[in-house]
Amino acid sequence: MGNGGGEKVGGLYARQTPHRETSSSSSPHATKRRRAHGAAAAMVDRFFRNDLPDFVAEAPDGGDSPAAGLRGLLSLPYPRLSHRLLHAALRLKDKVVAETWTRTGGQVTDYTLYTGALGTALLLFKSFQVTGDRRDLSLAGDIVQGCDAASLGLPFLTFICGRAGVCALGAVIAKHSNDQLLVTHYLSSFDEITVTEKVPNELLYGRAGYLWACLFLNEHLSDKTIPAEHITSVAKDIIKEGRKLSNKGRCPLMYEWHGKKYWGAAHGLAGIMHVLMHTELKLDEQDDVKNTLRYMISNRFPSGN
């Protein structure tokens, strides 16, 4: 597997007290700035893992607790409305499948999750998770096999726009289908993907997008499917590149896509930080991610971005 190595590190985003600026000024403007800074810092902390147990509400009528799983979640706290929303969602799912798969005769022209057939496969898999309908799971597997053939040999390596997404989703669907041979096929294909030095860092086509695929596999199969050493190595390269471009500026991490600095999810800071927050990092790396988020929140554009 490409770009391996590195050491496993512990500790995942321990909650820290937000740093608050002190100032001798007592003007209304200074007070407003302090409040904004404190609110921004608090918002940032909420992005990190909450280790408290999940909240379980009592049944509105004092009866038995609601059913477990996604169906149970959908029933809270208005079961009739939730039932209608579920059926509306399933009808929409069927329409998406008809337009993007049935209508094409099962031909894959765009294999990506972003704009193509793999997105339909992921939708079907999500539907299966809610309803348990194995017809959705079976069709999702068929679509992924078509995407597998269409993406074979292509250089793109991310979850959303590359072969890593095909292999990762394919392995997870095969696992739920009890097809171990197919699981092995997809994992072996995933293992052949290499992350070279020329790969960018962003989400759609770069290291962050590849890292997302690694995390997806570990979440749905086993936390040891992709070795922790490999994941931390890729994350370390992302952090290293971000520090280099930041050049000790106010924002600890910075990245470029085709010579331009982006703040958004697809090519910029938001997407990269989102993935890094789900990755085990050293303490100094955690600080860089948190402080980058704080910097982003404190520098909003007139457009609202």
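Me: What volume does the second largest pocket have?
Reply: The second largest pocket has a volume of about 320 Å³. A volume is the space filled by probe spheres set on grid points, which are joined across faces, edges and corners. This is a predicted model, in which local features need pLDDT of at least 70 and side-chain atom pairs count only at pLDDT 80 or more, while totals for chains, interfaces and linings use all residues. Residues are numbered from 1 along each chain as its sequence is written, and side-chain values use heavy atoms, with hydrogens and water left out.

Me: What makes a set of points a pocket and not a cavity?
Reply: On a 1 Å grid over the protein atoms alone, a cavity is a set of points where a 1.4 Å probe fits but cannot get out, whereas a pocket is an open set with protein on both sides within 12 Å along at least five of seven lines.

Me: Which residues lie nearest the centre of the second largest pocket?
Reply: Lining residues have an atom within 4 Å of a point. The second largest pocket has 14 of them, and Leu154, Pro155, Phe156, Leu157 and Thr194 lie nearest its centre.

Me: Why is Asp110 called partly exposed?
Reply: Buried means under 20% relative accessible area, exposed over 50%, and partly exposed in between (1.4 Å probe, protein chains only). Asp110 has a relative accessible area of 26%, so Asp110 is partly exposed.

Me: Where is Asp110 found, and which residues does Asp110 touch?
Reply: Asp110 is in the loop between helix 3 and helix 4. Leaving aside residues up to four places away in sequence, Asp110 touches Thr115, Gly116 and Ala117; a contact means heavy atoms within 4.5 Å.

Me: How do you know that helix 4 has a span close to the expected one?
Reply: Helices are DSSP runs (H or I, at least four residues), as strands are (E, at least two), numbered from the N terminus. The expected span is 1.5 Å times one less than the number of residues. Helix 4 (residues 117–131) has 15 residues and reaches 21 Å from its first C-alpha to its last, close to the 21 Å expected.

Me: Which residues of helix 4 are buried, and what covers them?
Reply: Among the buried residues are Ala117, Leu118, Phe125 and Phe128. Their cover includes helix 3 (79–102), helix 5 (134–151), helix 6 (163–176) and helix 8 (207–220).

Me: How many helices and strands are there in the protein chain?
Reply: The protein chain has eleven helices and two strands. Of its 305 residues, 39% count as buried.
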